[in-house]
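Good morning, colleagues. Please bring the sequence and the structure up on your screens, and I shall take you through several of its features in turn.

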Amino acid sequence: MTEMYGLTSSLQDVGLNFPAYPQEMEDSLNALFTDAEFRAIYEANNLRMNITNGSMATNEEIPARSAISLWQNIETEADAALRSSQSSATLRFGHDTALYRLLSLLFDATLPPAGAREDADQVVLGAETDRMDRVVPMGANLQMIFYKNRKDSVVVKFMLNERDIMLSPVGQVIYGTHYYSWKEWKQEMHQRIHQLEHVRQLYAIQTMGGAGQAIPAVLVPNGQNFWTPQTRDTEQPCVAPYHDKDTQLQGFRCSHWPGGGEKRDYGSFTLAALGGKLRLQPAQRATAFSHQDEVSHPHYYGVQLKDEHLKAEMTALSHTSMLRVTPDKDELVHLVIQPNNDDGQGTIEIDTVNHVVYAYNPAHHVYQGWGKPDDFGGHFVLAYDKDELVDYGVFDEAQAERKGLMMTCKPGIGVWLTFRGKTGKAMEWMSATSFTSHDQAVTNLNAENYMYGGLDFNSMMEYAANLWCERLHTIDVESQDTAKVNRFYTALYRSSFLPHELSDVGELQYGDFAMWDTYRAQLPLYHLLTPMLSGEMMQSLVKMYQDGVWMPVFPTANCGQTEMLGDDASIALADAYVKGIRNFDAVKAYEGMRMNAFSTPYLAKDYRSGKGRRSITSYMTNGYLPVEEGAGSATASTSRTLAYAYDDFAVAQMAKLLLDSCKDATLRQQYQDDYQVLMRRSENWRNVINPLSGWADGRYENGKWAEDKELFSSKSNILGGSACQDTWSVPQNIAGLFEVIHDSKPMDKKEKLIDKEEKKERKAHPQVEVLMSNGKVISRLDRMFDRGWYQHSYSPCHHLAYLYAAAGAPEKTQERVHQILENDSFSGEDATGQRSAWHIFSSLGFYPVCPGTPFYYIGTPAFEKVTLNLENGKRFEISAPASISGSYRVKSLTLNGKPLHDFRLSHQQILNGGKIFFSLF
């Protein structure tokens, strides 16, 4: 039918201008097609051409990207012609497909949405669907006319099909003459091409988590919600909502935790689209799906549900989201909405006056007071079109009530809305969330919709993609190893979940820091790449202190918990301040850090709820937490002592910097006194590293050592790992730890030989000061890796490979880091983003071994060239050309052309911009 239409219509000349047809042609056409049929085929052709060759949210900008080489050739030839003193012209022949794709490259039709057009009749490109009779009619052509003055200043204008066009800055091509500086236009095109490379990379990110706990979430960086396909319906810990091996889909979950780790999801909701028969509970509505029918990207997820005869798609911004459903046949389409509360709590309601569904899911405590109601919850709102609605109702596990309006505090509650679906006609529903109230959820829906100029599915998807491209642009990677590059940007995706927004539109409050993991590399990554965002996150910690009187130890789900251990918020705050981040209240932050370091809650209920450091009084009295404390309120006494000593060091660094800038005499004295006390306490790690063995060990209140010989086994005085792993948790004084290990008793023949050789050297040269050998340290690090004691899934191990460099064996750092990177497939285990942040830093060639200090330990880069596009406008380039062949050993190192002999790189050296060059072999 379309072929016949192409032969009989005048599409390529005058489109649908029916009155212009000769009467005899009109009569003959009427015998074949009605006007409605003409329009339907015309619109279908336009859409087909638009998808294939134009600029649309769903075509991954492939048409524009395919025209890059054509543009580069045009630019080269134009520059060659402009260098001549003679006038010239170039004629090239092509197909309308190539022309249309070139036009897609020449302008960006994604900004702003279509509603911003002032005169739709003047728009040539950039409408919701371009009209082919305007863009590429018969004999379509694009002309570029250059004008050069005596000063060699060149301007260019564009003509499309013999008509002047203006490539509008608002992202449309419209009729009207406009001249562009050729130099500036080329710069604009180079930026556009660079942007398209980020678009390509965005679509190459592997969002699927494999067999692990990570979810294929649709979100924006650090946004409030993570929308994920759901195959399991509980909010309980250690159960991710999506598992790769599952074969039935229950819907889409609005989640607030990026995986199935020990922390449970909270305030979540599920939205399901069904065709045909209405099924309400998760197990009933679960429908078969195949990974072959899934498309998953950071900003978009789509799946063809064959048994439902429909395609379901999700996209999202921070607070709002859009579900689009396209039926394969005329049938009823049901929307089912449920709050995911395992305790039978929550509320759901249909407002038939305002055509909105409201839902509420109260949150519960995660660690202290597990399962008890929290003081907040998730609020959800979804807007629907009353004209499309044919039925609705509410339900719980026991019953369904047609035309019912509310269900509350019963297991399995939910709402259904039924619409009349038409083949190929997409239906869209916009939703929003809040942790404040359902009225605020409505406000968030309207505010985010207004903020982006009016949203439909495609425009929301485009804005989400742009936000991701901004994040990807912080690091530009150049490498011939595409798989490695994709793995790198997948890590950047995974490290962009937490912390995430908890506040409403127009406010800034972040939560879910998962601090025991993220202070090590993930937050330092933000300090480096997005310092303004990082400062906002640090201010969120300050606000938590102001609201809760105590600095949160492990802030999760808007609460301060004591899990895992230590006072890691203090490390994150100190690290930010040491690295020059100033857009948070550092004085107020220190006030909270100091309270945690020196005080304990007066009220028992505050202590039980997780405020303050556990057993801080015992720690200050003994200089460590005795093993006996494990039977009380502070388990993992050895691990906790090591953590507190590092916390003390971090707080001391903050005190020192505030002292340097403080003019108040009283405060200056306090900062000075605190610094001295805390630096002494930062050496308390020595009280739980047994000097005889050189390994972490339990210690009793009477001072005796537990003398535990089982280094790689679970013990009550160690949290999560083992003594051999926690031994290295002294980043604040690596040299001191090395000295203790050096002086300890040899473990085996190799260490005995090391000691023997050093004594021999000292004896042979008594008049010369022989430097301490780190041979025993290197031997024990080897033991960690060679015996499998190093576990990459255990974040306290993440800095171990870099300790070789501090011990004088940088080649071993390079070897170990390279091996880990080559084998690090994430396996879906990275629920917090720390492991991904390790991957990013290590791929760059350096790692923050000791947050709270402004230094990175140098390893080996994974790529030929990386450019950090810093927030201060400068660029820092990491160059390692020999890595093309897989080389990773560093022969020499230069910074801005000067030899760099240190094993560390400072934060300021990076912020200054410049180039670090690795010569590899």
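I begin with a charged residue in this predicted model. Glu75 is buried and yet has no salt bridge. The nearest side chain of opposite charge belongs to Lys186, at 5.1 Å, and a salt bridge would require a side-chain nitrogen within 4 Å of a carboxyl oxygen. Glu75 lies in helix α6, which covers residues 68–82. Leaving aside residues up to four places away in sequence, Glu75 touches Trp182, Lys186 and His190.

Does its length agree with what its residue count predicts, or disagree? Helix α13 comprises 13 residues, 482–494, which should span 18 Å at 1.5 Å a residue; the end C-alpha atoms are 18 Å apart, so the two values agree. This helix is mostly covered, with 10 of its 13 residues buried. Among the buried residues are Lys484, Asn486 and Arg494, as well as Phe488, Leu492 and Tyr493. Against what do the buried residues of α13 pack? Their partners are the helices α9, α12, α28 and α29, together with strand β25.

Strand β25 leads us to a sheet. Six strands form an open sheet of mixed pairing, in the order β25-β32-β33-β37-β34-β35. Because β25 and β35 stand at the edges with a single partner strand each, one side of each is left without a neighbour in the sheet. Within the sheet, β34 (residues 890–895) and β37 (residues 914–920) are antiparallel and share 5 bridges; Val890 stands opposite Leu920 there.

A further set of strands deserves attention. Strand β31, residues 855–858, pairs antiparallel with β30, residues 846–847, over 2 bridges, and Tyr847 stands opposite Tyr857. Strand β31 is also joined to β36, residues 904–906, by 3 bridges, again in the antiparallel sense. In that pairing, Tyr856 faces Leu905.

In soluble globular proteins, nonpolar side chains tend to be buried together. The largest nonpolar core here has 163 residues, and those with the most contacts inside it are Phe584, Met654, Trp728, Phe846 and Leu868. Helix α21, residues 637–661, gives the most to this core, contributing 13 residues. Trp728 touches, among others, Trp695, Phe738, Ile741, Met784 and Leu803, residues up to four places away in sequence not being counted. There is also a second, separate core of 39 residues, which includes Phe252, Ala316, Ile348 and Ala359.

Definitions and conventions: Residues are numbered from 1 along each chain as its sequence is written. This is a predicted model: local features need pLDDT of at least 70, side-chain atom pairs count only at pLDDT 80 or more; totals for chains, interfaces and linings use all residues. Side-chain values use heavy atoms; hydrogens and water are left out. Helices (H or I, at least four residues) and strands (E, at least two) are DSSP runs, numbered from the N terminus. Buried means under 20% relative accessible area, exposed over 50%, partly exposed in between (1.4 Å probe, protein chains only). Lys and Arg count as positive and Asp and Glu as negative; His and the chain ends are not counted. Contact means heavy atoms within 4.5 Å. Two strands pair if DSSP finds at least two bridges between them. The expected span of a helix is 1.5 Å times one less than its number of residues. A nonpolar core is a set of buried Ala, Val, Leu, Ile, Met, Phe, Trp, Tyr and Cys residues joined through side-chain atoms within 4.5 Å.
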